Every structure is written in C-alpha cells, then in structure tokens.
Amino acid sequence: MFGLSIIHIALCALCAMTWRWLRARRRGRVPFVTIHAPPHSATLQKRAGRKTEPTTSLVQLVRDKVPALGPDARFDGVWWLPGGHAQTIYSTIGDFSKVDPVVYERVFLQLPDKGVVAVDVAPPLTSHPISGSEDVLLVAHGLTGGSHEAYVRAVLARVTQSRDIGGLGLRAVVLNFRGCNGSPLATPRLYHAGSSDDIRHVVLWICHTFPECRIYGLGFSLGGNILTKYAGEEGDACPLQGLVTLANPWNFVEGSRHMLRSPACRYVYRYALGGALRQLLHVHRKVFLDAAKLPLSRQLLEDILRWPRITLGQYDTFVQAPMFGFKSSTDYYEYCTSSRLAPDIRVPLLAINSLDDPVVSTASLPFEQIPDSPWLVLAVTQTGGHLGWYARGADGRISRWFVEPVAQFLAALMEYGAEDRRKPRGVDDGAGFVMDCQRDDVGFRQLSLEESELVVSGAGESKLFTGW
C-alpha cells in the first residue's frame, strides 16, 4: 500500500510538471487572450459636465483599462483541471457552498401576465438603504441557476463591496428567471433562452426603485445570451451603461449542430442540459398539469416527465418550442440567437468566451458580425471551459479568473463617465401596477414587504443542476 501511494504521488507530480511545461510552451506561442473588435470601434461620448474631457473608443478603453485581457495577461491554471472539459465539469461537481458568501434581500414582482419573478438585491435594502445616486448591476444567471450560483457570487462578493475595501460599491440586482432558485411559479410558463421580456420588467423596477441610478449588466451563459439579445432589441433605447457577458452561447442554431457533432456533447452534455431543464419542469409540474389550457398535451407532458433521460434537443422540440408558440425547435433557436442582433447594440458590450468551451463551439462565436458591431469587443481565451476559468490565486487558493476582467471593465465604465442612458419611466396604473409609460406590456407590481425575505448564498447547499 505504501509503495502504491509513493507511485501515485510520483505520477501526480509528473503529470503536474508535464502540464506546467505544456502550458508554458503554449503561452510562449499564443497569447492567453485574443481581442476581436471591429475596425471602427464606437467612440464613447462623455456625459454632461465632462464634455471637454478627451474621449476614447470602446476597444481602446478595454486595452487601456482592462489589463487582465491585455497582451501580458496570465492564466495560472490548476494542474488537475487541464482543459475545457475538466474546467466545465468541476463547476458542477465542486463544493462551492461555503465560498464567497453574499447576503441578498429577496423581492417578488408580479408581472402583467400574472407570472412572478424573484429578484435578489445585494447589499440588502434593509441594511443599506437607497442612496441618492447608485450604480446598479443587473445580473442574469445561467441554465436553471440563480443568485446562489458560485460564478455569480464570485463576482458579486468583489464588486458589491465598498470602494474603501477594494470593491466597486455596486448594488447588485439578480433576476432569478421564472421558477429558478426558489422563485415561485404562478402561471404555466417558465423561461427560455431568449426571454428578454422579463428583463424589461426588472429594468423598469430598477429604474422605479433607484430613480437616479446608472444600470450596468452582467450575464452568465444563457443569461448572457438573454441580456445581449435584450440590448440588441432595445438598440438606441437601451438603458444600460454597458454590459459584460461570460460564455454566451450566441448562436443556438449552430449550437444544436455542435451538440450532435461533438462526442462529449452527444453522450454527456446534451443529456445534462436536457435533464436540468426537465428537472426544473418536474419541480413545478403541478402548475402545468393543473392548468386549464396548455399548448401541448398533458399525456405528452406526463410521458416526458417519466422518460429515463432526455436530451436538450428533445426537450426543446417537445416542450420548449410548443410551450412558447414556436413552429419548431429550429424556429426557437433562430429567435433566441443573440449574435444576429450584435450589429444593433448601441451600448458597450465586452463578451468573454473560451476556445475550449465544450458547450459553446467556436463556430457559434460572432466573428462574422464583429465588423458591423462597433459596440462589441469579444475577448477569446485559450482555455477556461464553460464558466470555469479556475486559476491559482496569489495566495495559493483556487479562484475564478474572470472576476478580474469583469471588475476592471465595470470600473473603467464607471470611471470614464459616459453619457447617461435614457431610462424607462413607470407610472401607477391605479390598480397597484407600475407600467412603462411607453409600453403597455411592460410593468410590475411589487408584492408586500411581508413577502420579501433575506436569502444567504454561499453558506449552504445549492439547488438543482448547478455550475453552468
């Protein structure tokens, strides 16, 4: 036994040295980060009172103020997580329940279609009352996730801290999509990869609650796609000062092909993703099975809930597409694809993706759209997997590399003083709802204070499928 242990340790050490040697050689040939930007990157105009200050382009701001994405950027990867698959899988099997604790105050919003979403605010309003002018960070999570996710907390534990202790002083508002992370399901509707309509309701709530705020966006994986789609749909009217996305899937038509081409996707990931969505459906099955009317048969729904396993493509074909009125899964994928809207974006967008992401192929990245997208900077890393990017910190602990570029970019936007975006204005409709004065389909009713609650994430167990 002792001899076997020595052999095991020696093999581990050899693997570690080999991995470091290969990584060093790779770093010597190829930069860790490659920046892709259009030839004519958008010029960022200054807000009133700072008009006389020099301006710069979006890509130059990234080059000057985000050293984590610069030519000297380093990624000190963890030797036992070599490559995208290991980085991705560790996000699901690793124990992050007691790191980066964040205390949220939960607020429930009823929407015009009678659905309910839960928004988690950090720091809580009860302990940190609203100040005159705040910088608010709207956060959208990944597949079936929520504010409890380790990747969300990794960023928020940093940027919501006060400036005097190294944070950015941001107020975070995390939208838990319908049915996710304990958000109640009041109607037979969950959410999908293009659910930008619910973003509008929450943005209106933010503008109504923090009337003098500036809003920034942060989206992870599926949430990154939804925020990008929202920014493109809003165009010049987008109220966000800027946004960052991590591991955005971008193109769901190409993604569906990748799920069949890649052996790992064919035999592992498409079942993991399909199973996660079905598990969310199973949690809320009573709402669907008891509904007076459904766009698909109850018998089919009951059969799907009993299947031993289900792929992402099967779930999208039999549940997602008909549930939301799409003609087919292809029709659904085309609608959700955010890369088609990249040229319509009119606010600064920094998107970070990894070349070895096993879920999002390089063919899905918006290289074709970049020349016509002056407000987009795409940073592509050599490794990191899907929402992984686990690196060894200066103190020897494992940390998420992406926290640095996200914090640096947000700090750069806040410091730069770009012109303020026009925000939607809400008016009371007399029935308890605050409605967008420009749109009769956007609004909210904040439920009573008694129904709000404090939620502590990072000090206990996560829920459902996690990590992506």
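**Close-up views of a predicted model**

**View 1. Strand β6 is largely enclosed by the rest of the structure, because 6 of its 6 residues (135-140) are buried.** Buried means under 20% relative accessible area with a 1.4 Å probe, protein chains only. Strands (E, at least two residues) and helices (H or I, at least four) are DSSP runs numbered from the N terminus. Asp135, Leu137 and Val139 point one way, Val136, Leu138 and Ala140 the other. The model is predicted: local features need pLDDT of at least 70, side-chain atom pairs 80 or more, while totals for chains, interfaces and linings use all residues. Residues are numbered from 1 along each chain, and side-chain values use heavy atoms, without hydrogens and water.

**View 2. β6 pairs with strands β8 and β7.** Pairing requires at least two DSSP bridges. β6 and β8 (residues 214-220) are parallel over 6 bridges; Ala140 has Gly219 as its partner. With β7 (residues 171-176), 5 bridges form, also in parallel. Val139 stands opposite Val174.

**View 3. Trp401 sits in the largest nonpolar core, which has 134 residues.** Such a core joins buried Ala, Val, Leu, Ile, Met, Phe, Trp, Tyr and Cys through side-chain atoms within 4.5 Å. Helix α13 (residues 403-416) gives the largest share, 9 residues. Beyond four places in sequence, Trp401 contacts (heavy atoms within 4.5 Å) residues including Phe32, Phe75, Ile352 and Trp389.

**View 4. Helix α12 (residues 329-336) buries Ser329, Tyr332, Tyr333 and Cys336.** These fall within an arc of 100° (directions from helix axis to C-beta atoms), so they line one face. They pack against α6, α7 and α11.

Terms used
Buried means under 20% relative accessible area, exposed over 50%, partly exposed in between (1.4 Å probe, protein chains only).
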